[in-house]
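Student: Hi! I have a new model open and would like to talk it through with you. Can we start with the overall picture and then go into details?

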Amino acid sequence: LAVVVGLAIVAASIVVTLALRDARARITALEDGAMLAHTRHGPIEYATWGDGPPMLAIHGAGGGYDQGRLLAETLGGDGFQWIAVSRFGYLGSAMPDDASIGAQAEALVDLLDHLGIERVGVLAMSGGVDSSVAAHLLVEAGHEVIGVFMRHGEASPVAAPVACQVG
């Protein structure tokens, strides 16, 4: 019995060690892709990848640009220049005193200006849906928002993707 328990402990140790190594590799890869843009509300962390029309990926609760990237890769696919952002207070983005939807929109405007982008689509989920209301404010700031795709929960009556033209 002691031998079986000992083997189980060794096997569990190997599994945990391999899982931690994989997790560290994923974290390092994400950190290597992160950038900061300075906005009027402090730094905003983001990552960009891909070629094509620009699309903002706005994460939900419990994530940052990393979750936005996962959202874009899962639902958005190839053929776009993705910009995944960390909303206020997530990962490397600032948590300003004014963390309103309007302030988040201003930070997104500053990011898009920094990147030289005037026309953008928006892909958002969960808490990012609230931030995607900022699409209207992006239009007011002179950016052309070409569409919004939102998903809010599996059990929600509006769980089906919603796509619309804005502006």
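Predicted model: local features only at pLDDT ≥ 70, side-chain atom pairs only at ≥ 80, totals over all residues.

Student: Good to know. How many helices and strands does the protein chain have?

Tutor: The protein chain has five helices and seven strands. Starting at the N terminus, the order is α-β-β-β-α-β-α-β-α-α-β-β.

Student: And how much of the protein chain is buried?

Tutor: The protein chain has 167 residues, and 37% of them count as buried. Its accessible surface is about 9100 Å², with 61% of that belonging to carbon and sulfur atoms.

Student: What about contacts in the protein chain, how many join residues at least 24 apart?

Tutor: If you take contacts between residues at least 6 apart in sequence, 69% join residues at least 24 apart.

Student: OK, strands next. How do β1 and β2 run?

Tutor: They run antiparallel, joined by five bridges. β1 and β2 make a hairpin, with two residues between them. To find the pairing on screen, look for M35, whose bridge partner in β2 is Y46.

Student: Which strand does β2 join through four bridges?

Tutor: That would be β4, and the two run antiparallel. Here you can look for W49, which has W82 in β4 as its bridge partner.

Student: And in what sense do β3 and β4 pair?

Tutor: Those two pair in the parallel sense, over five bridges.

Student: Why is β3 largely enclosed?

Tutor: Five of the five residues of β3 (residues 54-58) are buried, so the rest of the structure largely encloses this strand. Both of its faces are covered: P54, L56 and I58 are buried on one side, and M55 and A57 are buried on the other.

Student: Let's change topic. I clicked on E45; where is that found?

Tutor: E45 sits in strand β2, which spans residues 42-49.

Student: What is the nearest side chain of opposite charge to E45?

Tutor: It's R69, at 12 Å, so to speak across a gap; E45 is buried yet has no salt bridge.

Student: Then what does lie by a polar atom of the E45 side chain?

Tutor: The backbone nitrogen of G92 does, at 2.6 Å. Setting aside neighbours within four places in sequence, E45 is also in contact with several other residues, among them A34, M35, Y65, V85 and L91.

Student: I also noticed Q104. Is that one buried or exposed?

Tutor: Q104 is buried, with a relative accessible area of 4%. This residue belongs to helix α3, residues 101-115, and its side chain reaches the backbone nitrogen of F88 at 3.0 Å.

Student: How many salt bridges does the structure hold?

Tutor: It holds two. In one of them R40 pairs with D110, and the closest N and O atoms are 2.7 Å apart. R40 is in the loop between β1 and β2 while D110 is in helix α3, so this pair ties together parts that are 70 residues apart in sequence.

Student: Are R40 and D110 buried or exposed?

Tutor: R40 is exposed, at 52% relative accessible area. D110, in contrast, counts as buried at 16% relative accessibility.

Student: What does R69 form a salt bridge with?

Tutor: R69 pairs with E73, and there the closest N and O atoms are 2.8 Å apart. Both residues lie in helix α2 (residues 65-76), four residues apart, or about one turn of the helix. R69 counts as partly exposed at 26% relative accessibility, and E73 is partly exposed too, with a relative accessible area of 44%.

Student: Last one: what is the phi of L91?

Tutor: L91 has a positive phi, about 45°, although it is not a glycine. As background, most residues other than glycine have a negative phi.

Student: Where is L91 found?

Tutor: L91 is in the loop between β4 and α3. At 53% relative accessibility, L91 counts as exposed, and L91 is also one of the residues in contact with E45.

Student: Great, I'll go through those on screen. Thanks!

Definitions and conventions:
Residues numbered from 1 in each chain as written. Heavy atoms only, no water. Buried < 20%, exposed > 50% of the residue type's maximum accessible area, 1.4 Å probe, protein only. Contact = heavy atoms within 4.5 Å. Areas by Shrake-Rupley, 256 points an atom, 1.4 Å probe, with all protein chains shown as cover. Lys, Arg positive; Asp, Glu negative; His and termini not counted. Salt bridge = Lys/Arg side-chain N within 4 Å of Asp/Glu carboxyl O. Polar contact = N/O pair within 3.5 Å; in protein donor to acceptor, adjacent residues only side chain to side chain. Pairing = 2+ DSSP bridges.
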